[in-house]
Amino acid sequence: MSLNRLISELEKHQHAPTELWDPPYCGEIPIHIASNGDWFYQGSQIKRSALVKLFASVLVVEDGEYFLITPAEKVKITVEDTPFVVVDWRQLEENGQQLLLLTTNIGDTLVLSSEHSLTMKNGVPYIVMQRGLTARVHRNVFYQWVSHAESRTVDGQEQWYLSSAGETFVLGNVK
């Protein structure tokens, strides 16, 4: 499959219902997502943000492997860690409720909530996104969260946590 053919097919389906499609597997394409969220094709960085967003709109993960899916084709790509990175955040208050609004490296925004929850893997924070995808929280954002976090004691252990959308998200234990 050529990159131009993939782009042409994707442009037809920018708000893709990928969960409804079951195309045949067509092999791998040399697209790679680095751990910092940069996308590459054949070793060259894809600098057109519109193209990265287009690819991201049809990106799915199945059993730990990443694929770009169109109605006609399914191609495998490689991802170093996770496809996205939370690069910014801000706190809002809506109807008396605190919300943490997160922004990813491709400009997606989401609210830290039960739908987009925080998970910790080996001390690294990740946010659950659509279609089972995740975004790693950038170190600078995490440090800002730690300075913003509140503490509480649970089962004799002091924890740092954030609150957003009526939920509590644990950042870690105070040693």
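Two strands are said to pair if DSSP finds at least two bridges between them, and with that rule in hand the sheets of this predicted model can be followed strand by strand. In one of them, 6 strands form an open sheet whose order is 9-8-7-12-11-10, and the pairing in this sheet is mixed. At its edges stand strand 9, covering residues 109-111, and strand 10, covering residues 118-121, each of which pairs on one side only. From one strand to the next, the twist of this sheet averages 40 degrees.

A helix accompanies this sheet. Helix 3, made of residues 139-148, packs on the sheet and touches strand 7 (84-94), strand 8 (97-104), strand 10, strand 11 and strand 12 (134-137). The direction of helix 3 makes about 30 degrees with that of strand 7. On the side of the sheet where strand 10 lies at the edge, strand 10 and strand 11, the latter formed by residues 124-128, pair in the antiparallel sense over 4 bridges. Within this pair, methionine 120 is found opposite proline 125 of strand 11.

The chain also holds another open sheet, this one of 3 strands in the order 13-14-15, with antiparallel pairing. Strand 13 and strand 15 are at the edges and have a single partner strand each, so one side of each is left without a neighbour in the sheet. Here the twist averages 45 degrees from one strand to the next.

The two pairings of this sheet can be taken in turn. Strand 13 (residues 150-154) and strand 14 (residues 157-164) run antiparallel and are joined by 5 bridges. Along this pairing, valine 154 has glutamine 157 of strand 14 as its bridge partner, while threonine 153 stands opposite glutamate 158, also in strand 14. The two strands form a hairpin with 2 residues between them, and in its turn aspartate 155 has a positive phi of about 50 degrees. On the other pairing, strand 14 and strand 15 (residues 167-173) are antiparallel over 6 bridges, and leucine 162 has phenylalanine 169 of strand 15 as its bridge partner. This hairpin likewise has 2 residues between its strands, and alanine 165 takes a positive phi near 55 degrees. As a general point, the side chains in a regular strand alternate between the two faces of the sheet.

Isoleucine 46 lies in the loop between strand 3 (44-45) and helix 2. Is isoleucine 46 buried or exposed? Its relative accessible area is 11%, and because a residue counts as buried when this value is under 20%, isoleucine 46 is buried. Leaving aside the neighbours within four places in sequence, isoleucine 46 is in contact with Trp39, Phe40, Tyr41, Leu51, Val52 and Phe55. Isoleucine 33 is 13 residues away from isoleucine 46 in sequence, and the two are 9.9 Å apart in space, C-alpha to C-alpha.

Taken as a whole, the chain has 3 helices and 15 strands, and its C-alpha trace spans about 55 × 35 × 30 Å along its principal axes. Of its 175 residues, 43% count as buried, and the accessible surface comes to about 9,600 Å², of which 43% belongs to carbon and sulfur atoms. Among the contacts in the chain with a separation of 6 or more, 50% are accounted for by residues 24 or more positions apart.

It remains to consider the confidence of the prediction. The mean pLDDT of the chain is 88, and 91% of its residues reach 70 or more. Over residues 10-14, however, the pLDDT is below 50, and beyond near neighbours in sequence this stretch has 11 contacts in the model. Where pLDDT is low, the predicted coordinates should not be read in detail.

Notes: Residues numbered from 1 in each chain as written. Predicted model: local features only at pLDDT ≥ 70, side-chain atom pairs only at ≥ 80, totals over all residues. Heavy atoms only, no water. Axes fitted to C-alpha atoms, helices over the stretch in contact; angles between N-to-C directions. Contact = heavy atoms within 4.5 Å. pLDDT = per-residue confidence, 0-100. Buried < 20%, exposed > 50% of the residue type's maximum accessible area, 1.4 Å probe, protein only. Areas by Shrake-Rupley, 256 points an atom, 1.4 Å probe, with all protein chains shown as cover.
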